[in-house]
Amino acid sequence: MPTAFAGAARVGTATRCCRQIPSQISLQPPSRKGWKLQKLQLTRPLKNPLTHPAVEPADGMGYSLVWFKRDLRLHDHAALHAGATHGPVLCLYVIEPSLWAQPDAARQHYEFVLESLRELARALKTLGGRLHVRTGEVTDVLAQLHALAPFERLFAHEETGNALTFERDKAVARWCRAQSVSWQEFPQFGVVRRLTSRNHWQSHWASHTQAPQLPCPQPENSAFKSFVSRTDAAGSAVARQGEATTTPMIWERNKLQFQPSPWPAQAVPSAQELGLAAFEPPDRQRGGRSAGLAVLESFLNDRCRHYRGGISSPLSAPSACSRLSPYLSFGALSLREVVQATDAKLLQLKERSAYAAKGLEAFLSRLHWHCHFIQKLESEPELAWRNLHRGYDGLREPDWNPAHFEALTHGRTGWPMVDACVAMLRETGWLNFRMRAMLVSVAAYPLWLHWQLVGQWLARQFLDYEPGIHWSQMQMQSGTTGINTTRVYNPIKQAQDHDPQGLFVRRWCPALRRVPDSWLLEPWRMPESVQAACGVRVSFDAAAGAPDAWPLPQVDLEAATRAAKDRLHSLRRTPEVRAAKAAIVEKHGSRKGRCGPTPGTRQRTPSAGGSAQLSLGFD
Ligand SMILES: Cc1cc2nc3c(=O)[nH]c(=O)nc-3n(C[C@H](O)[C@H](O)[C@H](O)COP(=O)(O)OP(=O)(O)OC[C@H]3O[C@@H](n4cnc5c(N)ncnc54)[C@H](O)[C@@H]3O)c2cc1C
């Protein structure tokens, strides 16, 4: 069976993984033995899916199940495309109670998914089909469906998720094997399953993102109009939004037919029924492909002008940043379509507006980092529950301080910039990169908190929670990767640099509105007389949310940060810790440059991921 979509369709029923996962997230290292790595040739020439269908054409037997996960769209959907090639499809989304019970799940994620599912269901309905949403564990749902109406093939996208999704995928693979159902998975990012070397990773990313987009298959008798991409002579794909076209070869035999429904519609559980905490940020972004496309459109046509220079301050970042992260995380937009739309815009812009073009270049570099970080978790899933560099084991874990954690998560550290960020996050579900990094840095250094529970709390706060990016960043900002430069963000300096007039702090911390400018960033230094004059008392027992009280910081910022850095650096200097660094750099370190060395050329020396990231202006 030829496999050709972006060179990397894979059969899930084969032994799949170089990942080992514990049955639940814990601070303990996993006990299982590692899985055998399988070699994957990454550098073979990629075939064009317009001339090479991803799978064999319809064989007339059974139907195909297309399992939607974090890929809630019809456009550029390799699994749907492959399913349609075989004949009738049934489109399924499973609400998994065990997944929503994980410590990284939050109501805002669930509501965002439901919003996206509603739009997906409407889109399928206009094509004459239906989205089947069932609640249950995936293997149970598959078994029920199979008993009612046996299917022969299962198609899905690969997922680099948490420990539970990986265990679940292994259970699905076992179930498919037992039922002789073939399971085929497709990458949806520039992330490589069973990657054996980072050396040519960039060229894989480029190949994935530059491959033509797959338009949604259309019903038999419809005139095809959709988003398509066309590959130019130089091999770069140019997105052409809304252009009416015919793409012969593939679409002639890839008509969308739906399998008649084997079961009645099922009510969707509420967030409460799934046991999710009631709160969600009232001002979060809304789910769905049309919302994602609108955000993309406004960014490319307008907001990108403010990208450079605007993304660091929490005042300008909400509109200067692309705000595409939740749509990428839940797959309402494909990474490929965002990259290609940006490339197309850049082609138009280059000479017209250097500023906007520079912004888009910087944005593209982040789309590259998106996959670079997810690749780390794909290659080493353990980094979601143990230190990437084992030499740092035990550094912070035994010193867990619940009072520090409570102060951080309730936005009551007493450091205005930190507490303002927590307040904004609670209201919007989003923060820019610099402020996220500052929160983790404050947790990891002056508050000396191990990253795992902090990371679970932040995962629930971030609407765009993407495990691969999240856990890699948590470790990087906490200094436990062993390969990144220690980067400690001082919240007072961050406020001076990015909120010099105190607008952000006053916006999110009402108690500080009457505090004079000179004391705003360090209110604990306010003399009694100034406290009395402005009507704000600073104390350890300040009542939460009181308009006239502000909490004293838990620790002395400067002294606690210095002590933390000393502890980390003295460990870093030990021969054992230094010795283990090279292997981590080899496995995870970025090879600088957007497209990287091409196969056959001399390879560059791997660099530590952190310095490369800084060179792209991440901080
Ligand atoms: C501790 C920590 C946790 C994070 N957790 C997540 C997460 O769960 N999900 C997530 O999407 N991003 C995460 N990020 C990265 C980054 O902060 C967000 O992607 C960004 O703030 C989202 O806003 P945007 O879409 O406007 O980003 P833009 O700045 O416009 O960037 C465009 C896209 O590039 C990717 N991207 C941007 N910055 C990074 C980065 N540093 N590393 C990897 N990819 C990046 C994202 O997909 C983002 O949507 C985290 C950063 C830190 C420091």
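## Strand β3 and its partners

In this predicted model, V94 has R134 of β4 as its bridge partner. Strand β4 covers residues 131-135 and runs parallel to β3, to which it is joined by five bridges. Strand β2, residues 64-68, is likewise parallel to β3 and is joined to it by five bridges. Within that pairing, F68 lies opposite Y93 of β3. Helix α1, residues 78-86, belongs with β2 and β3 to a β-α-β unit that is right-handed.

How many of the seven residues of β3 are buried? Seven of the seven residues, 89-95, are buried, so the strand is largely enclosed by the rest of the structure. Side chains in a regular strand alternate between the two faces of the sheet. In β3 both faces are covered: one side carries V89, C91, Y93 and I95, the other carries L90, L92 and V94, and all of these are buried.

Helix α5 comprises the 17 residues 163-179. The buried residues of the helix are A163, L164, T165, F166, R168, D169, V172, A173 and C176. Charged R168 and D169 are thus listed with the buried positions. The cover over these buried residues includes α2 (97-100), α4 (138-148), β5 (153-157) and β6 (182-186). After α5 comes S180, which has a positive phi, near 55°.

Strands β5 and β6 run parallel and are joined by five bridges. In this pairing F155 stands opposite Q184 of β6. The chain passes from β5 through α5 to β6, a β-α-β crossover that is right-handed. Four of the five residues of β6 are buried, so this strand is largely enclosed by the rest of the structure.

## D140 in helix α4

Although 32 residues separate D140 from V172 along the chain, their C-alpha atoms are 9.6 Å apart. V172 is one of the buried residues of α5, and α4 is among the elements that cover them.

## The ligand shell

Which residues are closest to the ligand? Of the 29 residues that surround the ligand, the closest are C321, S322, S325, R366 and Q473. The elements that give two or more residues to this shell are α11 (325-329), α13 (354-379), α16 (433-444) and α18 (467-478). Helix α13 gives the most, with six residues.

By residue class, the shell around the ligand holds 16 nonpolar, eight polar and five charged residues.

## The protein as a whole

The protein has 619 residues, of which 49% count as buried. Its secondary structure consists of 25 helices and ten strands. Among the contacts with a separation of 6 or more, 77% are between residues 24 or more positions apart.

Key: Residues are numbered from 1 along each chain as its sequence is written. This is a predicted model: local features need pLDDT of at least 70, side-chain atom pairs count only at pLDDT 80 or more; totals for chains, interfaces and linings use all residues. A residue is near a molecule or strand if its C-beta atom, placed from the backbone, lies within 6 Å of it. A residue is buried if 20 or more other C-beta atoms lie within 10 Å of its own, exposed if 12 or fewer, and partly exposed in between; C-beta atoms are placed from the backbone. Two strands pair if DSSP finds at least two bridges between them. A crossover is right-handed if, with the strands pointing away from the viewer, the path from the first strand over the helix to the second runs clockwise. Two residues are in contact if their C-beta atoms, placed from the backbone, lie within 7 Å. The expected span of a helix is 1.5 Å times one less than its number of residues.
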